[in-house]
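Hello,

Here is the structure I promised to pass on. Please have it open while you read, and my notes follow below.

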4 protein chains.
Amino acid sequence: MVKVGIYGASGYTGQELLRLLLRHPVVELTVVTSRRYADTPVASLFPHFHGLTPLAFQNLTPEEMASLCEVVFLALPHGVSMEVVPSFLTLGKRVIDLSADFRLQDIDTFHKWYGKHLAPAYLTQAVYGLPELYREKIRECTLVANPGCYPTSAILALAPLITESNLIDSNSIIIDAKSGVSGAGREPKVSSLFCEVAEGFKAYNVGKHRHTPEIEQELSRLSGLPIKVTFTPHLLPVNRGILSTVYVTPKKELFSRNLQELYEDFYRGEKFVKVLDEGFFPNISAVRGTNFCHLSVTLEERSGRIIIFSAIDNLMKGAAGQAVQNMNIMLGLPEETGLNFIPAFP
Amino acid sequence: MVKVGIYGASGYTGQELLRLLLRHPVVELTVVTSRRYADTPVASLFPHFHGLTPLAFQNLTPEEMASLCEVVFLALPHGVSMEVVPSFLTLGKRVIDLSADFRLQDIDTFHKWYGKHLAPAYLTQAVYGLPELYREKIRECTLVANPGCYPTSAILALAPLITESNLIDSNSIIIDAKSGVSGAGREPKVSSLFCEVAEGFKAYNVGKHRHTPEIEQELSRLSGLPIKVTFTPHLLPVNRGILSTVYVTPKKELFSRNLQELYEDFYRGEKFVKVLDEGFFPNISAVRGTNFCHLSVTLEERSGRIIIFSAIDNLMKGAAGQAVQNMNIMLGLPEETGLNFIPAFP
Amino acid sequence: MVKVGIYGASGYTGQELLRLLLRHPVVELTVVTSRRYADTPVASLFPHFHGLTPLAFQNLTPEEMASLCEVVFLALPHGVSMEVVPSFLTLGKRVIDLSADFRLQDIDTFHKWYGKHLAPAYLTQAVYGLPELYREKIRECTLVANPGCYPTSAILALAPLITESNLIDSNSIIIDAKSGVSGAGREPKVSSLFCEVAEGFKAYNVGKHRHTPEIEQELSRLSGLPIKVTFTPHLLPVNRGILSTVYVTPKKELFSRNLQELYEDFYRGEKFVKVLDEGFFPNISAVRGTNFCHLSVTLEERSGRIIIFSAIDNLMKGAAGQAVQNMNIMLGLPEETGLNFIPAFP
Amino acid sequence: MVKVGIYGASGYTGQELLRLLLRHPVVELTVVTSRRYADTPVASLFPHFHGLTPLAFQNLTPEEMASLCEVVFLALPHGVSMEVVPSFLTLGKRVIDLSADFRLQDIDTFHKWYGKHLAPAYLTQAVYGLPELYREKIRECTLVANPGCYPTSAILALAPLITESNLIDSNSIIIDAKSGVSGAGREPKVSSLFCEVAEGFKAYNVGKHRHTPEIEQELSRLSGLPIKVTFTPHLLPVNRGILSTVYVTPKKELFSRNLQELYEDFYRGEKFVKVLDEGFFPNISAVRGTNFCHLSVTLEERSGRIIIFSAIDNLMKGAAGQAVQNMNIMLGLPEETGLNFIPAFP
């Protein structure tokens, strides 16, 4: 059993990692930390763990934690991960960072969207942890920058069209995305209150959501062209789930191709990315609690536009599930190890 | 007091008309019909009317109903309105039809999207009941084709940009729309069950929703150009509300203009269409239960695209509220008569 | 027009008062205060008021506010009302206090459940503002202690049985109550987050909710006996509404009576309390946004127990609506003035 | 691998069994039937199974099905199971019936609540499948009558108090129960529509829910006394979950006992029934998707009453999960085999 730990485990993502790692057949979760909830049993803060783990949150330095595990998951706020990553790496640990701190590889872009970086030297060392694109690099690396939830959904939707050159107009990409509330975290704030969200729906951070440069970085890398996207996030009155509706304008070359086959071929053999049959459209409820991404792609004949739908669970494929998938790759395990859930519906 | 009646009052739209007309200060609701619920008191089918009306549903022919009222609201399924509209008009009644039967003025388009029409002679007589665009015609007419919920939301979002020529690329319009479940009506079907919708989100009728030609007809009329749009409806897990997120590509001429002013000028003096201040984005919960449409417009500088958000209550500005607004115009009343609600939040 | 003001208007109850008072035909809302949101336009904090009021929140002392209005609504946290009530009364204003500060008339009981009282001299001067029981006293008083939401629901459910002696076993009362989340206010706290509440349901404050002594005070007063109740509040994943399910054991005398008639007689002529016909059971969605209380009463023959169901909107009959009803009484207006809503369903 | 099948797998309970059995490590799900959806792939009707099973629904007679599996789960409507149970048993299959057809052992009670029984001879042969009470009998039997969802929740709440004589007043039991909507099944009906349920809450079938005699049968059996209960079901706007709030009056003997210990002792060693620590109260969201039952018990000192809270997932411990637990017992497996989930929160 490989010993693993979660640094900052008291948020929604942290406790989702707990759910996954406690049932993982190959690893042992030895330690979970939280400054605020030090010495509180996990099951006191999160009663759904009652009787399922004796672990309590601990307040530990990276050095103290490093002695207790080999792989470290960082489920910390943005800006905090960068304070501890160097310590863990220096101590020889493998790190999967679920914050945004090491996702952007260009330091200027980081400055513009997030501010000062405390450990810029590690930016290029980090591997962007989207296994369907980078699994070879993930296998070898010591620092995974686990992708954001919206970027995971958007990049998986677009990768088949953008990887091959000349299929679409690279200036035409519009990502209209809708996310459940757990994406906003467990910090108490008015905008996340039940009464502010239930029976409501709205866009937020229009034109300035921090996931924008992350999406653009990856699409640019795949296409070899500098890509700008329109990305509009909305807040859905559900606990979990992201649906991205992506609009692109095809180029001529695409019309000789079968879109459905293009997507099925691209993701053939993938355990977690599923291209739905024609006539079916992804629903976030059909991937809930799992690491699946459901995709569908349609050429709308009237307008000549392509529409791609992409559904994930933001806490799973959009965070904790993908982190465990990355860990599996790093440990040489089958990717679906410990992630073999069927969605619970309804 | 003007006597009015609702033909087909047992659905969500019908009962919303009841709510409005029972409190309208100038009209008297004298009759409500329903074949299925004949002789059932309204308050037995809809307990929220307990003690608020002695009316019971009646099973009446148009001729029988015509003797009881001067203005008739038709809250019937598509295809049924066209069977009774000629009778009501022949008997000298003024008709506000909430179905789609008389919204499309081109008979071929109607055939293609809805099938055979039983009263095509009346198509050109009908006035499309969007008061902000057609109030003069509505005042004079005897048959109002009350707009669909999605079209109301989309047309109000686009009218300021499309009415004036050369502001936007008319081929660039994408309408990503999200609607609450009451839009699907009160007929029992699996897809409207609580468990199928709650904690879910998905697109439906992609590329083939019947509101598409209605949107295109009106945008084409406003612009003078034949316009095709990409329109993608999604199902939101809320009772009421539509948010449309509309993407367009501006033309050069637009850059010399102040978008916010353009919208504020266009809707200045309108009682029900409100352009939010910059930095605010419409939320369906802020218009719930009212006839308001909240709009915001943004130029996204990174991509050079314009994004317009439009929020309405699909049962109000998207159906019953707009129908009463139309009736007010037909009767020469101030448009807000009986519609003077403040949204109940949360 | 009578000038009225809201002291502490930035919470859910405060903004609900705004909704009601802005449309009230006899009063003019001249001032709303908030320390935290001083100088913020109401419509900036609550966009559903966009275009509906030019008011901004002000930071005023009671003395400053008193010069601007004749009737003052206090929508303050518990413990804060008692700091300002003496000032408003000394200045000759009529006060409707929506906090709990003046609801309990016994100072020892207050100490036990709430702690120290800063203005105990006013406790006996305050009238418990449940119009169906105390409208004569409300008419004459200067300080109304507006009832709690749970107590309103429970007392209206039990009054017909407890007012008349010997109908029920006074030790048998169990109130199983379920409330929507707006009852917890707009303060950001983890327990009110969307993700903590949606798809969940639980009891809270079991055996120690502060509304318990308020319910007992009023039931004891009505019955002339010292009454203890079992009161169990639960948190419902809805915005608004309280349903109380009340169980009592009847005494012999009751069996000669017709329960349905007993309730209908007791509330005959009441504008806001409606006894549903036999076979119908209250639903919180049927009173939403209104000042109605829906009641039903059943003798369960198998167990010989009586079950009463009581549904209100916690922000309306449970708070702001009842406060306006009380103001109407104080001003000699018909009680339904400005409260004449039909519920918006769904 | 033991071959198992689901007869009638197209409802919410049936598809939940699919979720469990497809991942069960010891059994092989070989066949699922549905008359209505014959030849439809499971993943076409329920897209959350996309890529997870090649099974399609078949329309089979019991005889045809019996050749394909050894254990049969019946997820049929009440009244239909009794038509096929004799065939399966005659063919030597072991049957777990999730309908109510074989839960009541007294034929007169069955007649009164459900009507005519077509296979009364099998009533006494059936074992009531509540493992915590009857695991020895379940191990030996060929026909398990899988308990109803409400009864499971209520009986587990009361068993520790009722099994031992003289602890409570057996006439004092009140069960105020609240269930999610999936309990109403996937049949389209108005009362299960999203818009009828969301933002609503009400009681239903007051005094006449068919689970009443089932609860009474089991409580009477445990206590040795004929027990009548007051059972009031309510409809919660959530997908899954039942919370029962149970009120009982203790007898003197109880006051010498520690309630918490009594419950902990009673359920010590149970894998699925968890007594929460004092001060914690069950939340349906903490057992969602799992076979757990969370219990808490409190003596309310003011009234001298005991309150027990019991939370289960109605589709799991209330149906499919318990059915698999019963199968595990019948097959001699550890009870938690294939049921080892941690709840996914939020």
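**The sheet in chain A**

Let me start with the sheet: seven strands of chain A form an open sheet in the order β3-β2-β1-β4-β5-β7-β6, and their pairing is parallel. Please keep in mind that this is a predicted model. At the two edges of the sheet lie β3 (57-58) and β6 (127-128) of chain A, each of which pairs on one side only.

Which residue of β3(A) is the bridge partner of A:T33? That partner is A:Q58.

**Two domains in chain A**

Chain A is divided into domain 1, covering 2-146 + 319-330, and domain 2, covering 150-312. Taken over C-alpha atoms, the centres of domain 1 and domain 2 of chain A are 25 Å apart. Where the domains of chain A touch, 16 residues of domain 1 are in contact with 16 residues of domain 2. On the domain 1 side of chain A, the elements that give two or more residues are α5 (107-114), α6 (131-140) and α11 (320-330). By class, that side of domain 1 of chain A has eight nonpolar, six polar and two charged residues.

**Chain A against chain B**

Now to the contact between chains: chain A and chain B each bring 39 residues to it. On the chain B side, the elements giving two or more residues include the strands β8 (174-179), β9 (202-203), β10 (230-235) and β11 (242-248) of chain B. Also on that list are β13 (293-300), β14 (305-312) and α8 (194-197) of chain B. The side of chain B that touches chain A divides into 18 nonpolar, 11 polar and 10 charged residues.

**Chain B and chain C**

How are chains B and C related? A rotation of 180° with 0.0 Å of shift along its axis superposes chain B on chain C, with an RMSD of 0.0 Å. That is the relation of a two-fold axis. The same surface serves both copies, as 100% of the contact residues of chain B recur in chain C. To find the axis on your screen, look for B:E199: of the residues of chain B, B:E199 comes closest to the rotation axis, with its C-alpha at 4.2 Å.

Key:
Residues numbered from 1 in each chain as written. Chains lettered and ligands numbered in written order. Predicted model: local features only at pLDDT ≥ 70, side-chain atom pairs only at ≥ 80, totals over all residues. Domains from an automatic or database assignment. Contact = placed C-beta atoms within 7 Å. Helix = DSSP H or I, 4+ residues; strand = E, 2+ residues; numbered from the N terminus. Nonpolar A, V, L, I, M, F, W, Y, C, P; charged D, E, K, R; others polar. Pairing = 2+ DSSP bridges. Least-squares fit on C-alpha atoms with pLDDT ≥ 70 in both.
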